[in-house]
Amino acid sequence: MKNYSLSIYRISINRRNSPLEKETLCDFDNGKDLIQILDGMFHSWERQTYKSQPSYDGDDEKRICRIYKCPGGNFEYHNVGRYISGIIESGEYGTEEPIIDSDTGDLKYLKGKDDAPMIPFYFLINIPANSKFGYLILERISNNGIFTLLSQAIQHFTGNIVSGGFVIRIEPFLVQEVFDQNMTYISDAKKIILRNVDYSKTILDKITQNLSAGGSANTDIVIKSGSQGYFNIGWLGDYIKKARKNKRNLYTFQNIECADVAFELKIGDKTRTVSVARLNGLGTNIEITHDLEFGKNGYPTFESLEHQAHILMSYIRDENPEKEG
């Protein structure tokens, strides 16, 4: 079964050489409003598709996206006040695969290199009035999402409109309510991974659990729960919340110093590896699979995704009752 989740990002704009000085998003670069710029970008997608741009890191993945068009002919795109939301279809092209009948195994047709099976992803953007921060919420389907493609598109489109002295940033944003909920959903923890440990034989005397490790000077140590079944969740949650680097800029676990501590956790129906060094991940993504309604196409309905996204926005408003400025 596919897992569905929502990820939260924060949007800001700064002058190129002043990253800490944020611009007011509804009035920057001589009166430009980011919500109007993005609205223009999405309306252009109603007339044509957007293709991923060549990357500088050698990634030649070919992806395409567009605004989803409902069976009745209307686009699933909404602009209400300072909010934009809708469904973006995205797919990969550039390869050829056989499409078979799942019951018989018979070949039905051959997907050509220019064909792109399109998957629908929900998005919501909020650019509050007179604020220096906006918010982006994106649907993820299992390990698939559109953050890279959409953020690339926003950078590309705004770059053609806004003066070159401005930089737009879209970064994961931790919401405390999401973090707290994810912590309560943790039910199982079978494995702990100590990253980049200075390995020596004396370490074996410090660990009582079942472990495996390499023999190099810097290696990962995997601690398994073994016959104990699962690690104590209460203790694990306390450790995750309180973990801090020591004076040597390292984490400590059972008197062992390491670059990072990771836990293989079961959160709801999903198994995730959570890193203490990247703990924000528990507060930037929330699974909503069991809170959704599904349409005839097997994907969540826009209305149920919209409802969950606005619940997330209410958490953000509760944490930031005043406009950030």
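Let's start where two helices meet: L34, I37, L38, G40, M41, F42, S44 and W45 of α1 touch L150, A153, I154, F157 and T158 of α2. Sorted by type, the residues of this contact come out as 10 nonpolar, 3 polar and no charged. Keep in mind that you're looking at a predicted model.

How do the two helices cross? Packed helices are described by the angle between their axes and the distance between those axes. Here α1 and α2 (residues 147–159) pack at about 110 degrees, and their axes lie 10 Å apart.

At the start of the helix, look for D33: one of its side-chain oxygens comes to within 3.1 Å of the backbone nitrogen of I35.

Zooming out, the chain holds 6 helices and 19 strands. Of its 325 residues, 43% are buried. What about contacts across the sequence? Taking those between residues at least 6 apart, 65% link residues at least 24 apart.

You'll find N14 in strand β1 (residues 4–15). Is N14 buried or exposed? Its relative accessible area is 0%, so N14 is buried. Setting aside neighbours within four places in sequence, N14 contacts P19, E21, K22, E23, G165, F166, V167 and R169. With R169, the link is a polar contact of 2.8 Å between the two side chains. K132 is 118 residues away from N14 along the chain, yet their C-alpha atoms are separated by 9.3 Å.

Finally, check the backbone at two spots. S142 has a phi near 55 degrees, which is positive in a residue other than glycine. S142 belongs to the loop between β10 (134–141) and α2, and with 22% relative accessibility it counts as partly exposed. N196 also has a phi near 55 degrees, again a positive value in a residue other than glycine. This residue, N196, lies in strand β12 (residues 186–198). At a relative accessible area of 41%, N196 is partly exposed.

Terms used:
Residues are numbered from 1 along each chain as its sequence is written. This is a predicted model: local features need pLDDT of at least 70, side-chain atom pairs count only at pLDDT 80 or more; totals for chains, interfaces and linings use all residues. Side-chain values use heavy atoms; hydrogens and water are left out. A polar contact is a pair of N or O atoms within 3.5 Å; within protein, one must be able to donate a hydrogen and the other to accept it, and residues adjacent in sequence count only if both atoms are side-chain atoms. Helices (H or I, at least four residues) and strands (E, at least two) are DSSP runs, numbered from the N terminus. Axes are lines fitted to C-alpha atoms, for helices over the stretch in contact, and angles run from 0 to 180 degrees between N-to-C directions. Contact means heavy atoms within 4.5 Å. Ala, Val, Leu, Ile, Met, Phe, Trp, Tyr, Cys and Pro count as nonpolar, Asp, Glu, Lys and Arg as charged, and the others, Gly among them, as polar. Buried means under 20% relative accessible area, exposed over 50%, partly exposed in between (1.4 Å probe, protein chains only).
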